[in-house]
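Student: Could you take me slowly through the aromatic rings of this protein, and tell me what is found around them?

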Amino acid sequence: MNSVMNKAIVLVLNRNWQAINIRTPAEAFCQMATGVATALEIQGDDRMRPVSWDEWVQLPIREWDQAVQTVRGPIRMPTVIVLANFARVPKKRPKLCAKAIRERDGNRCQYTGHLLKPEEGSIDHVVPRSRGGKDAWENCVWASKSVNSKKGNRLPQEAGLKLLRAPKRIHEMPVTALIRNTHGLRDWEPFILRDVDHQS
């Protein structure tokens, strides 16, 4: 059962039912047991109800549920919990990674303007790292692999290239926009979109 606990994840909603975080089942159980959160019992998109810890531990285990074995017997594992007294949606800047750079640049090579499939592009450091360029939003762009290879360790102008626009730092955004349903959990779908793109 420990392996199930380690693999499973629980979506955390604020009291307005907006997605704000992801927790492990152990953390979710702790928040439920202390009254910080209630779990959602979900039976389809239009049948959801918050359930307190005392009632949750009595719920039957359905065939599609994951459960954890405890001294009092198996307990259904929640997929979504709701915080009782937290209403804000925190803001956060996306992590600097290939996927974030690609999304910022609209899947386009920043030297040619061509629309690229995820596997056709890669991060280019405008000022190469070998010449002191940093891993920073302002120094990273999405470029086709062929252009990136052509540019090599040169500056754009040295390689006969010109940026379509100067790369900029991404602003902080509500964390709800950054949470992805990478596991394709049906219970999460009313709150966030399923992430069909696993490229990063």
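Tutor: What follows looks at the ring pairs and then at the charges placed over rings.

This is a predicted model, in which local features need pLDDT of at least 70 and side-chain atom pairs count only at pLDDT 80 or more, while totals for chains, interfaces and linings use all residues. Residues are numbered from 1 along each chain as its sequence is written, and side-chain values use heavy atoms, with hydrogens and water left out.

A search of the whole structure finds two aromatic pairs, where rings of Phe, Tyr and Trp (its six-membered ring) pair if their centres lie within 6.5 Å, and planes under 30 degrees apart count as stacked, over 60 as edge-to-face and the rest as tilted. One of them is formed by Trp17 and Phe191, whose centres are 6.3 Å apart and whose planes stand at 65°, making this pair edge-to-face. The two residues are 174 apart and belong to distant parts of the chain, with Trp17 in the loop between strand 1 (10-13) and strand 2 (19-23) and Phe191 in the segment after strand 11 (173-174); here helices (H or I, at least four residues) and strands (E, at least two) are DSSP runs, numbered from the N terminus. Phe191 is buried, with a relative accessible area of 15%, whereas Trp17 is partly exposed, at 32%; buried means under 20% relative accessible area, exposed over 50%, and partly exposed in between (1.4 Å probe, protein chains only).

Phe29 and Trp53 also form a pair, and because their planes are at 70°, with ring centres 5.6 Å apart, this pair is edge-to-face. Phe29 lies in helix 2 (residues 25-33) and Trp53 in helix 3 (residues 53-56), so that distant parts of the chain, 24 residues apart, are linked. Both Phe29 and Trp53 are buried.

Turning to charges, the charged end of Arg76 sits over the ring of Trp56, 5.5 Å from its centre. A charge sits over a ring if NZ of Lys or CZ of Arg is within 6 Å of the ring centre and within 35 degrees of the ring normal. Arg102 likewise lies over the face of Trp142, at 5.9 Å from the ring centre.
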